[in-house]
Amino acid sequence: MDNFDLTRRAFLASATTSMALVGAIAAPNTAKVVPGKISPNEKLNVAAIGVGGQGGGDIYECRRENVVALCDVDAKRAARLFNRFRKAKKYLDYRNMLEEMPEIDALTISTPDHTHAPAAYMAMKMGKHVYVQKPLAHTVAEARLLTNTAKEMGLVTQMGNQGQCFPDMPEVCEMVWTDAIGKVREVHAFSDVPGWPNHGRSKHLKPQVAPEYLDWDRWIGCAPPRPFNQAYMPFDWRAWQDFGSGSLGDMLCHTVNPAFMALKLVEAKEYTVEVLQKRGRNAQTYPLSTTVKYSFPARGDMPPVDVYWYDGHWTDEKTGQKVYNRPPWPRGLKKDQVLGEDNLNGSYLAGEKGIITLDAYGEYPRLLPEEKMADYKKPDPWLERVPGGNPYQNWLDAIKGNKKAASDFSLSGPLTELAQLGNLAIKLDKKLVWDAEKGTIKNLSNSDELITKEYRKGWELPV
């Protein structure tokens, strides 16, 4: 019998336990819990929700701690990590795992977007530190709920936009703050994502029989039930509104983050969001391509700034050629220069005296034209750098040192709001005026209803 068969047997056995217990776990324990203090010399008891694909890499980065529990609804994709951490308890349902294992100190959460907030909220209300993959949440209301819950519970949190931990992030801030390009009034961020087969599809996929190694009902989680189809997994869920967050959710938390930090956009008390272009919009999946404009007022000594987001591509009907949604080429910049990493992914900040461009994950900040960078002397670094640029170790060290991690929810929560407000503007086809202090859309009377969603019974959140 091979390793997969052993894993599958353990997985199916745990399903029996989960089915017996799930009725008793309709809602998380909401009692005030004080997180335990861990000394730098102790090992944390770490668990994972989602261990296939990205989730496997996330929990593997925590392998020097005590990996005590693993949870996944897909035994086939989980098999490698289930076998790598044989002593860890295996679960189908994270609610059972959290109820049965109070010794867990911290969790990685690496599931499809729609499951992030229910899992993270329950874990945090039980006093667990969390590392949640980007985007932090599936709706604006969820992002705010997780931000507030982390603060209320006094927890160490991290979102998986790893560029926040790279040395390039403080470097671009230092460049902007020492007037390398003057006052910045425009930012252009761009991505050739999506590359998913069902982007722009307007109908459900045909029903198929779910394989025995997959608990499809738990994979659906809080989303509206629908029949299984293999095409939803393991990656194309990002295209579907019920499960993913499209291109904005996938890449904005990476690509806009440098401007978000350097221009102190988190300090904006109000801003607007409007859709300038979209192709293939429908009620099921995200568009093939969008252009979204965010307008921010002045923040301290920083002037008002417009942040433009461009994503996607389409096929020209006449030529059959792929057309990419790109930002305007900066005036006066020669065509032999490179914006971002390849003219298709990255960002640039346009200042009164020049341009800073960066790759898609916020790496390699540099002045354009290139000859300007050759003559430029970077300021002496004064902002703190994350040792080794490792987001996982940064989170673990922050837990043991009772500090904030680099992408703490106080920063990554508002950044996720930015992404999901873009998706909401696409869905509503309206310009939104967002009151970031009160967490409401000022120009729509039913804001509370619009920024959240309906949850399946047994998976509800207080939003």
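Asn343 sits in the loop that links strand E11 (322-324) to strand E12 (346-351). Helices (H or I, at least four residues) and strands (E, at least two) are DSSP runs, numbered from the N terminus. This is a predicted model, in which local features need pLDDT of at least 70, side-chain atom pairs count only at pLDDT 80 or more, and totals for chains, interfaces and linings use all residues. Residues are numbered from 1 along each chain as its sequence is written, and side-chain values use heavy atoms, with hydrogens and water left out.

Most residues other than glycine have a negative phi, and most peptide bonds are trans. Asn343 is not a glycine, yet its phi is positive, at about 70°. Its relative accessible area is 22%, so Asn343 is partly exposed. The cut-offs are these: buried means under 20% relative accessible area, exposed means over 50%, and partly exposed lies in between (1.4 Å probe, protein chains only). Lys264 also has a positive phi, about 55°, although it is not a glycine. Lys264 lies in the loop between helix H10 (257-262) and strand E8 (270-279). With a relative accessible area of 29%, Lys264 is partly exposed.

## Two cis peptide bonds

The peptide bond from Val193 to Pro194 is cis, with omega near 20°. Pro194 belongs to the loop between strand E7 (184-191) and helix H8 (216-220).

The bond from Leu368 to Pro369 is cis too, with omega near -5°. Pro369 falls in the loop between strand E14 (366-368) and helix H11 (370-374).

## Helices H5 and H6

Helix H5 covers residues 113-125 and helix H6 covers residues 140-153. Their axes come within 10 Å and cross at roughly 15°. Axes are lines fitted to C-alpha atoms, for helices over the stretch in contact, and angles run from 0 to 180 degrees between N-to-C directions. H5 and H6 are therefore roughly parallel to each other. Angles under 35 degrees count as roughly parallel, over 145 as roughly antiparallel, 65 to 115 as roughly perpendicular and the rest as oblique. The crossing of H5 past H6 is left-handed. That word applies if the near helix is turned anticlockwise from the far one by less than a right angle; clockwise gives right-handed.

Which residues of H5 and H6 meet? From H5 come Ala117, Pro118, Ala120, Tyr121, Met124 and Lys125. From H6 come Glu142, Leu145, Leu146, Thr149, Ala150, Glu152 and Met153. Contact means heavy atoms within 4.5 Å. By class, this contact has 9 nonpolar, 1 polar and 3 charged residues. Ala, Val, Leu, Ile, Met, Phe, Trp, Tyr, Cys and Pro count as nonpolar, Asp, Glu, Lys and Arg as charged, and the others, Gly among them, as polar.

Helix H7 (residues 168-177) is mostly covered, with 9 of its 10 residues buried. Among them are Met169, Val172, Cys173 and Val176. The cover over the buried residues of H7 includes H10, E12, strand E13 (355-358) and E14. Asp179 follows H7 and has a positive phi, near 70°.

In helix H9 (residues 246-255), 10 of the 10 residues are buried, so H9 is largely enclosed by the rest of the structure. The buried residues of H9 include Gly246, Asp250, Cys253 and His254.

Arg238 stands in the loop between H8 and H9. Is Arg238 buried or exposed? Arg238 is buried, with a relative accessible area of 10%. Not counting residues up to four places away in sequence, Arg238 touches Asp113, Lys134, Trp196, His199, Gly244, Ser245, Gly246, Asp250 and Tyr286.

Val273 is part of strand E8. At 0% relative accessibility, Val273 counts as buried. Val273 and Ser295 are 22 residues apart in sequence, but their C-alpha atoms are 6.7 Å apart in space. Beyond residues up to four places away in sequence, Val273 touches, among others, Val292, Tyr294, Leu421, Ala425 and Leu432.

## Cysteines

A disulfide is a covalent bond between the sulfur atoms of two cysteines. Here it is taken as a pair of cysteine sulfur atoms within 2.5 Å. By this rule the count is 0 disulfides. Cys62 is in no disulfide, and the nearest cysteine sulfur, that of Cys165, is 13 Å away. Cys62 counts as buried, at 0% relative accessibility. Cys222 is in no disulfide either; the nearest cysteine sulfur, that of Cys71, is 14 Å away. Cys222 counts as buried, at 3% relative accessibility.
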